[in-house]
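Open the model in your viewer and keep the selection tool ready.

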Amino acid sequence: MESVQVQKRLADFSLEAHDLYLNKSVPHLDGPPKPLQFYRDWIAPNKPCIIHNAYSHWPALSRWTPKYLREKIGSKVISVAVTPNGYADAVVGDRFVMPEERQMSFSSVLDIIEGMVQKNGVFYVQKQCSNLLQELPELVDDLEPHVPWMSTALGKSPDAVNFWLGEAKAITSMHKDPYENLYCVISGEKHFILLPPTDRPFIPYGLYQSAVYQEQDSGEFNVIDNTDSQKVPWIPLDPLNPDLERFPQYRLAQPLCCTVKAGEMLYLPSLWFHHVQQSHGCIAVNFWYDMEYDIKYNYFQLLEALSEVSAGPPDMAAA
């Protein structure tokens, strides 16, 4: 079968998914669901939703002010991602560039976010190795270490619980994760662009030399290659300003946009592509539950392979 025929069939496949079961916008639920109902309605069909009043009992919603956080964990040293432009883990030219990782006290991060100290770069607490439990265990009593109804629905505990705090300029480039993700905004708001796994044929990938930002004494950031690492597959497209001449297939994608406000929880299903922005000083916690590597994952791997074949060689800017 020629690649043009494969492209057409993949486009039909994606459009059929939108016609059959995908929503035109992200639905809202009034309260926390029953585990079995949530599994049937959202996890099994792999559809996102925003849940209200799911953690209104958490003390964090009222406690986590800058004053409280300074008193509770101000002296704690945490990992902070620093970039010149807010894009960490993103394609820059012909490189996949990761942030400079700095060890900083929590109070010094708040000083920057509250404008008390001026620094070069954009700062984002975003380390995704269960940093809430590993680096900030003092905050666990202000919430729950898991979401009981989700743990029951999936029959497992979360693989990671992550804490997020950053500036408005900090942006998460489009990517996907192999997790069932519950994203809880404590203060401020997050802005998501979501694309279902079935839109994979319209989303470009390239293979990129891995690199890392490093601030120089002059205040400028250099890009330093990780010479001993393999090339990284990543998405070069910016959904805020897509280059449709370079990536014409993206015209067929059907992104969903949603804002998650304080006290709201986004269920982001496994393998959904997402791009994230936030209000300045937004605080969030998310729970990553490992996805099941079942027939759904198997089919997605097939879709990825067919998408790559029909798209031709990897993005040449990455060569």
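Axes here are lines fitted to C-alpha atoms, for helices over the stretch in contact, and angles run from 0 to 180 degrees between N-to-C directions. Helices are DSSP runs of H or I with at least four residues, numbered from the N terminus. This is a predicted model, where local features need pLDDT of at least 70 and side-chain atom pairs count only at pLDDT 80 or more, while totals for chains, interfaces and linings use all residues. Residues are numbered from 1 along each chain as its sequence is written, and side-chain values use heavy atoms, without hydrogens and water.

**Stop one: H1 and H8**

Select helix H1 (3-20) and helix H8 (295-311). The axes of H1 and H8 come within 9 Å and cross at roughly 135°. H1 and H8 are therefore oblique to each other (angles under 35 degrees count as roughly parallel, over 145 as roughly antiparallel, 65 to 115 as roughly perpendicular and the rest as oblique). Now show side chains. Ser3, Val6, Gln7, Leu10 and Phe13 in H1 meet Leu303, Leu306, Ser307 and Ser310 in H8 (contact means heavy atoms within 4.5 Å). This contact has five nonpolar, four polar and no charged residues.

**Stop two: the second largest pocket**

Which residues are closest to the centre of the second largest pocket? Select Phe13, Tyr21, Thr198, Tyr299 and Leu303, out of 22 lining residues. The second largest pocket holds about 470 Å³ of space. H1 and H8 each give two or more residues to its lining. By class, the lining has 17 nonpolar, two polar and three charged residues.

**Stop three: H4 and H5**

Move to helix H4 (residues 66-73) and helix H5 (residues 106-113), whose axes come within 9 Å and cross at roughly 160°. That makes H4 roughly antiparallel to H5. Select Pro66, Leu69, Arg70 and Ile73 in H4; they meet Phe106, Ser107, Leu110 and Asp111 in H5. Five residues of this contact are nonpolar, one is polar and two are charged.

Technical notes:
Nonpolar A, V, L, I, M, F, W, Y, C, P; charged D, E, K, R; others polar. 1 Å grid on protein atoms, 1.4 Å probe; cavity = no way out; pocket = protein on both sides within 12 Å on 5 of 7 lines; lining within 4 Å. Points joined across faces, edges and corners; volume = space filled by probe spheres on them.
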